[in-house]
Amino acid sequence: MIIDLKALRQRGKTTAQFEFSYCPPSRLISMPGGNFIGDAKIVVNVEVYDDKAYVDGDITYGFSAACARCLTPVSVTRSIAFDELFLSERAMRSDDECYTYSRDRLDLTTMVDELILIDIPYAVYCKEDCKGLCPDCGKNLNDGPCGCKN
């Protein structure tokens with residue numbers, strides 16, 4: 001996911017839109033049995049200036065994991081809106097809190113990974129009122145009572 005700012009400037013453009021497909025690394029999901037479903041779709045708008053670039057857009061991704069209460073498989077689709085500043089390495093100061101780029105090339109990979117990592121919930125549920133599993137026999141209580149004495 002690299003955007004060549006020099007090529008944009010050479011074509012006389014200061015703004016552009018890009019679309020990328022990206023397979024996020026599985027290490028971003030900390031839930032047991034969690035996996036990404038297909039590729040993430042990234043739509044990016046870029047505004048290019050001398051030593052900085054503004055990047056905004058949306059990331060849409062899906063993942064599957066087990067329900068935190070009953071262990072039923074759950075598929076989730078999420079969307080993240082972002083608006084970030086990238087500074088060239090030569091313009092970066094030690095107190096700046098933004099992404100950097102060098103050689104007029106924006107690499108969006110770190111930003112996308114960080115945004116997905118922050119967005120992924122700690123747990124997912126098959127439904128909001130999931131009853132979970134019986135602690136004695138392990139029956140899924142969403143399917144009805146188990147008959148254990150509680």
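Good morning. The structure is a predicted model, in which local features need pLDDT of at least 70 and side-chain atom pairs count only at pLDDT 80 or more, while totals for chains, interfaces and linings use all residues. Residues are numbered from 1 along each chain as its sequence is written, and side-chain values use heavy atoms, with hydrogens and water left out.

I begin with the overall fold. The chain contains 2 helices and 8 strands; helices (H or I, at least four residues) and strands (E, at least two) are DSSP runs, numbered from the N terminus. Their order along the sequence is β-α-β-β-β-β-β-β-β-α.

How far does the C-alpha trace span along its principal axes? The spans are about 75 × 30 × 20 Å. The radius of gyration of the chain is 21 Å, whereas a compact globule of 150 residues would have one near 15 Å. This radius is taken over C-alpha atoms, and the globule rule is 2.2 Å times the number of residues to the power 0.38.

Of the 150 residues, 36% are buried. Buried means under 20% relative accessible area, exposed means over 50%, and partly exposed lies in between (1.4 Å probe, protein chains only). A contact means heavy atoms within 4.5 Å. Among contacts between residues at least 6 apart in sequence, 58% join residues at least 24 apart.

I turn now to helix 2, residues 109-119. Its buried residues are Met 111, Val 112, Asp 113, Leu 115, Ile 116 and Asp 119. Against which strands do the buried residues of helix 2 pack? They pack against strand 2 (15-22), strand 3 (35-36), strand 4 (40-48), strand 5 (52-66), strand 6 and strand 7.

The next topic is aromatic rings. A pair of aromatic rings is described by the distance of the centres and the angle of the planes. Rings of Phe, Tyr and Trp (its six-membered ring) pair if their centres lie within 6.5 Å; planes under 30 degrees apart count as stacked, over 60 as edge-to-face and the rest as tilted. The whole structure holds 5 aromatic pairs. In one of them, Tyr 61 and Phe 63 have ring centres 6.2 Å apart and planes at 20 degrees, so this pair is stacked. Tyr 61 and Phe 63 are both buried. The rings of Phe 86 and Tyr 99 have centres 5.3 Å apart and planes at 25 degrees, so they too are stacked. Because Phe 86 lies in strand 6 (residues 73-88) and Tyr 99 in strand 7 (residues 99-101), the pair ties together parts that are 13 residues apart in sequence. Both Phe 86 and Tyr 99 are buried. Phe 36, Tyr 61 and Phe 63 form one aromatic cluster.

Strand 6 also includes Ser 88. Is Ser 88 buried or exposed? Ser 88 counts as buried, because its relative accessibility is 2%. Beyond its neighbours within four places in sequence, Ser 88 is in contact with Asp 51 and Tyr 101.

Finally, I consider two loop residues. Most residues other than glycine have a negative phi. Leu 71, although not a glycine, has a positive phi of about 70 degrees. Leu 71 is in the loop between strand 5 and strand 6 and is exposed, with a relative accessible area of 56%. Arg 103, also not a glycine, has a positive phi of about 55 degrees. Arg 103 is in the loop between strand 7 and strand 8 (105-107), and at 79% relative accessibility it counts as exposed.
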